[in-house]
Every structure is written in structure tokens, then in C-alpha cells.
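Thank you all for making time this morning. I would like to walk through one structure with you, going from its strands to its cores and then to its charged pairs.

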Amino acid sequence: MVIFGIIATKGGVGKTTLSANLGALIADMGLRVLLVDADIQASLSKYFELRFKAPIGLTEVIGSGIVTESAISQTVWDRLDIVLCDAPHRQLASDSASSDLERYLQGRMDMPMLLRRALRSPVIDENYDVVVIDTPGAQGPLLFTAALAATQLVTPVLPETPSAREFRGGTVELLRKLGEAEILGIRPGPLTAVINRAGRTNDARLVMEEIRQSYLEFSGQVRVANTVVPSAVAYNEAATARAPVHRMRSRQAFMTMHELVWELLPNLHGVYAGGELVDSSAAAQEAHDGCA
Ligand SMILES: Nc1ncnc2c1ncn2[C@@H]1O[C@H](COP(=O)(O)OP(=O)(O)O)[C@@H](O)[C@H]1O
Ligand SMILES: [Mg+2]
């Protein structure tokens, strides 16, 4: 069982987009995929249309420490299910957001293990090949428990120098923090940085090299994916159409996402999505790709 934790220490870098599109493509390649929305903003929960909405979601999963059938919702896409984030998201102050779920986690001694244990429930073992967890864009108990539940971490990085610096500051600090869990017998999974929203003007290779330099102390634990995700309108169009980007009429997005999946899951190398293209009028209209 592969459990991807899609993490970053800031918002807006493409975690939810990547979670949705990776999960959907892997499902379309024939594997059974469970998305887990561990971000109280619940963007992943709203990303795809549902065929069936389960009575419970993440709050109860974390509270009970187990995933049961009643926590699993189904998206309209075959083999793509989801544990919805049902934690109410409250704005406490203009710049700080928290939730009962995060306060609950904060108060638990076994916080780092909570999601990890729940995702090892029999219903997941028996019914899924891959789990993809979307996480909040700020350090906190929900991000920690989600990151420690993963067997592989993936972090989108914007190809700007401040972003590479933020990677060094934020993500490297997060890795150190996750490393503290070794005392509990939990070893965080290897991290793959994926350059996301690369424009034609910024030099993604330069940023990749800079990131490589910044994680030398974690050599063996961090790598930069060779696949670079370009900035393309297809990703926004897919989100609007509530469809996986590989089903939009963008050859580039189709290939990029395939190459990324092949890199992350080498066993799937050469396997293509079997689904039909989405033929929404919006998708057909904006058939071409462009730089956002
Ligand atoms: N490769 C891409 N090209 C263009 N836009 C993208 C790409 N990836 C993500 N986006 C856009 O960036 C914005 C932030 O993405 P999102 O996945 O919500 O980030 P996060 O979950 O990290 O906050 C969204 O509007 C999304 O459509
Ligand atoms: Mg998000």
C-alpha cells in the first residue's frame, strides 16, 4: 500500500490540485484510490462531484482511530473514493484559522500516530491500492499526523527563488520536526519535490538545482522529480469542470501527469489512463494550453 502525503508549509502551491489529479489518474490507470482530505479548508472534498456521500468523515476517523465503510464517500469517477473533511473551518482571527479537530489533535499524546493508525484499517487494506492525503498549508497537528501517515511525501514547489528559499526554510524545518517522530518508531517517508506552475520564463532547472543543494543534509530522503509541471490553464479548467486534468483536451497536461505518476510509482511505468476525455463545452472551447 502506497500512501502519498501531499505537503507544503504554505498555501497556494498546488497541493489540492496535485492530490486530485494524481489520485484521479492513478484510479484511471486501474488502481483503487482513496483520497483523504486532511485540510480543514476542505478544498479536496469539494473538488470532484460525489456519487455517494458517506454519513461521516475525517473528524470521526481521527476520533475513533479507524476507517470504516461509513467514512468512505464515492466520487463520480470509477475507483476514486474519498474521506471527506467534515471539520468546521472557523476563522478565529483575521490571520489564524483553527478547528475543533486541530484542538482535539493538539490535546492527544498519540497525535502523530492517529491518522497513521486509522489508515491501516482493514477496510483500506482490502479495498485500496493507493491513498492520497491532502494536507493544510501550515504547520500544525493535522499536517504532522497526515505527514506521518504517509509512506511517500510529495511537495509542490513554485519555481521562484523566494519559493526555493521557503522550501529550505519551511519544508526542511518540517522534515526535521517529522524526524523527531523516530523516537516513536515512525520514520517519515521519502520526500519528492515537484516543481509546479513553471512558466516559460523561469528557469525550473536552476530552481531544481537550488532545491537539491538545500536538502543535502537529507540526502537519500529528499529528491526533486524530473517531471516539471508547467503553468497551464488546463489545471484551472479541470478544477472548474470538476474533472481530472488528464481528461481535459490538453495533451501536455495528459503527458505531464502520466510522467509524474510513472516517476512516483515506477510499477505503473507505461500504463495509460483508460477513461474517456471530458467533453464539456468549456473544455472543448479552451482546447489549447497556455501559460497562466
Ligand atoms: N500547474 C498549474 N498550472 C496553473 N495553475 C495551477 C497549477 N497547479 C495549481 N494551479 C492553481 O493554483 C491555485 C492554487 O492551487 P491549490 O491546489 O488550491 O493549492 P494549495 O492546495 O496548495 O493551496 C489554484 O487556482 C490552482 O488551479
Ligand atoms: Mg489546498
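This is a predicted model: local features need pLDDT of at least 70, side-chain atom pairs count only at pLDDT 80 or more; totals for chains, interfaces and linings use all residues.

In what sense do strand β1 and β9 pair, and over how many bridges? Strand β1 (residues 2-6) pairs with β9 in the parallel sense, over 3 bridges, where two strands count as paired if DSSP finds at least two bridges between them. Strands here are DSSP runs of E with at least two residues, helices are runs of H or I with at least four residues, and both are numbered from the N terminus.

Residues are numbered from 1 along each chain as its sequence is written, chains are lettered from A and ligands numbered from 1 in the order in which they are written, and side-chain values use heavy atoms, with hydrogens and water left out.

Let me stay with β9. Val 154 in β9 is the bridge partner of Ile 6. Strand β9 is also joined to strand β10 (residues 191-198) by 5 bridges, and these two run parallel; Leu 153 has Leu 191 in β10 as its bridge partner. As for cover, 6 of the 6 residues in β9 (residues 152-157) are buried, where buried means under 20% relative accessible area, exposed means over 50%, and partly exposed is in between, with a 1.4 Å probe and protein chains only. Gln 152, Val 154 and Pro 156 point one way from the strand, Leu 153, Thr 155 and Val 157 point the other way, and all of them are buried.

Now the chain as a whole. It comes to 12 helices and 12 strands, and 55% of its 292 residues count as buried. Its accessible surface is about 12,600 Å², with 50% belonging to carbon and sulfur atoms; these areas come from the Shrake-Rupley method with a 1.4 Å probe, and for residues only the protein chains shown count as cover. Of the contacts with a separation of 6 or more, 76% are between residues 24 or more positions apart, a contact being heavy atoms within 4.5 Å.

Next, the cores. By nonpolar core I mean a set of buried Ala, Val, Leu, Ile, Met, Phe, Trp, Tyr and Cys residues joined through side-chain atoms within 4.5 Å. The largest has 58 residues, and those with the most contacts inside it are Leu 58, Val 67, Leu 115, Leu 119, Ile 133 and Ile 195. Helix α7 (residues 141-149) gives the largest share of this core, 7 residues. A second, separate core has 44 residues, including Phe 4, Tyr 235, Ala 238 and Ala 253.

Two individual positions deserve a look. Ser 73 is found in strand β4 (residues 73-75) and is buried, with a relative accessible area of 0%. A polar atom of the Ser 73 side chain lies 2.9 Å from the backbone nitrogen of Ala 54. Leaving out residues up to four places away in sequence, Ser 73 touches Leu 50, Phe 52, Lys 53, Ala 54, Asp 81, Ile 82 and Leu 84. Pro 55, by contrast, is exposed at 67% relative accessible area, and its place is in the loop between β3 (50-52) and α3 (58-64).

Finally, the charged pairs. The structure holds 8 salt bridges, each being a side-chain nitrogen of Lys or Arg within 4 Å of a carboxyl oxygen of Asp or Glu. In one of them, the side chains of Arg 32 and Asp 129 meet at 3.1 Å, N to O. Arg 32 lies in the loop between α1 (15-28) and β2 (33-37) and Asp 129 in the loop between α6 (122-127) and β8 (130-134), so this pair ties together parts that are 97 residues apart in sequence. Arg 32 counts as partly exposed at 32% relative accessibility, and Asp 129 counts as partly exposed at 26%.

Asp 100 forms a salt bridge with Arg 103, with the closest N and O atoms 2.7 Å apart; the two are 3 residues apart in helix α4 (residues 100-106), and are therefore separated by about one helical turn. Lastly, Arg 108, Asp 110 and Arg 117 are linked in a network of salt bridges.

Conventions. A polar contact is a pair of N or O atoms within 3.5 Å; within protein, one must be able to donate a hydrogen and the other to accept it, and residues adjacent in sequence count only if both atoms are side-chain atoms.
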